[in-house]
Amino acid sequence: MRTFSFNLKAMQSVAMAFFIGGSASASAATTEVVLLQSNISARSYSLLNNLNIVAASPFSGIVLNMPATYTAMLNSERLNYNAVVDNWLTPLVGVMPKLSGSYLNVNLRDSGDPFGNWDVALANWGVIARAAKEAGMRGIYFDNEAYVELGAFTFPGNADNPSLGVGAYQEQFRQRGTDVMNALQAEWSGVEIVSLHGPYVSEPSTPASVRLDQVGASGDDMRGFFFAGMLAAKNPLAKVTDGGEVYQYRTQTDFENSVAWRRFGMTQIAGGRVVPAGQRDTWADDISLTFGLFDQQWRPNGEYPMTPDLLEEALFQALMLADSPVWLYAESNDYLVPGGVSSDWTDAIANARARAVLAQGVTAPAPIALSLLGLIVIALRMRRRGALI
């Protein structure tokens, strides 16, 4: 198992970075919430029939669902820009409320072996970026969980040349992340891409308290290397966001520990491969962080219950620490059709956003151990109280 390479002095140095006002010193709060609802209610024809509901919803934007969502990464199917725009986006431009705060979705599919030819898939990413930009949208969501080709973005998975070894595939997926980011930026220099699971999924040292039972953490998972490649290629106008898809966070400490690890902790691992030496000094500045929440209990065992009150508090804590809009995943509740959701849930979301707008600070932190995460969490809390300027 990998170990941390720092001592107390190193931990103090990391914590002190918060006190000198650098841009990496803390996450900037947000008041925006995006709805991710992967059903036909989030398609253009349904949205056009329910514009009043979209307008009255407590969200700053939604993730649009369209057929290209599911095929963009396939190297065997070239997207037609005019078809994507004319059929799915043009009808919404100038009509749909909150379109400027919304995102297009791309689902993880198998683009083929990363050592192979990805020309079609890269062109498709460019089509998605151009379409979102021309529609006046905010960016792209990358739902990087495999629902179809289950071996995609894993090793050996669907690798054509597994004898090359896991290290070679890690570095080639990193290169493919760079290739995708370059394809996006060629069409949209200020693109934002939100990767729902972040690089923590590929780092075996990721603490259980960060990933909980949402996801594993293994060097065989190529998604973290792909993310790191996108981040390395990001220009100053673009934004690469770790979406933080861990639905079990509930408390301030949960969210703060997550930020501390994802922004700083991953750069301090002796022998860590996800964040290479060349990115360690810039990682905290370059990465954008947010969180995903789920408005149901996580799994039927009741270990992580969810109620409107719990959602309001968790959402407020997330908003206070996110760099990009927090997102809410919905299954049973349908926020985009008449009668699809109880007002208890919409009120909870609206209340959390209102509290985030008004919040000026938080209560003093309880004493915690002098660990790297502890030092960073203390500094995050002080930053949120306005003690650091």
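A residue counts as buried when its relative accessible area is under 20%, as exposed when that area is over 50%, and as partly exposed in between, with a 1.4 Å probe and protein chains only. By this criterion Trp298 is buried, because its relative accessible area is 14%. The model is predicted, so that local features need pLDDT of at least 70 and side-chain atom pairs count only at pLDDT 80 or more, while totals for chains, interfaces and linings use all residues. Residues are numbered from 1 along each chain as its sequence is written, and side-chain values use heavy atoms, with hydrogens and water left out.

Trp298 is placed in the loop between strand E8 (292-294) and helix H13 (308-319); helices (H or I, at least four residues) and strands (E, at least two) are DSSP runs numbered from the N terminus. Contact denotes heavy atoms within 4.5 Å. Leaving aside residues up to four places away in sequence, Trp298 touches Asp213, Gln214, Tyr247, Gln248 and Tyr304.

Ser202, in the loop between strand E5 (192-195) and helix H8 (208-211), is buried, with a relative accessible area of 1%. Its side chain reaches the backbone nitrogen of Gly224 at 2.8 Å. Beyond residues up to four places away in sequence, the residues touched by Ser202 include Ser218, Asp221, Arg223, Gly224, Phe225 and Val274. Ser57 occupies the loop between helix H3 (51-56) and strand E2 (61-64). Ser57 is likewise buried, at a relative accessible area of 11%, and its side chain reaches the backbone oxygen of Val54 at 2.9 Å.

The axes of helix H7 (residues 166-187) and helix H9 (residues 223-233) come within 6 Å and cross at roughly 45°. That angle makes H7 oblique to H9, since angles under 35 degrees count as roughly parallel, over 145 as roughly antiparallel, 65 to 115 as roughly perpendicular and the rest as oblique. The crossing of H7 and H9 is right-handed. On the H7 side the contact includes Phe173, Arg174, Arg176, Val180 and Met181, and on the H9 side Phe225, Phe226, Gly229 and Met230 are among the contributors. By class, this contact has eight nonpolar, six polar and two charged residues, where Ala, Val, Leu, Ile, Met, Phe, Trp, Tyr, Cys and Pro count as nonpolar, Asp, Glu, Lys and Arg as charged, and the others, Gly among them, as polar.

Conventions:
Axes are lines fitted to C-alpha atoms, for helices over the stretch in contact, and angles run from 0 to 180 degrees between N-to-C directions. A crossing is left-handed if the near helix is turned anticlockwise from the far one by less than a right angle, and right-handed if clockwise. A polar contact is a pair of N or O atoms within 3.5 Å; within protein, one must be able to donate a hydrogen and the other to accept it, and residues adjacent in sequence count only if both atoms are side-chain atoms.
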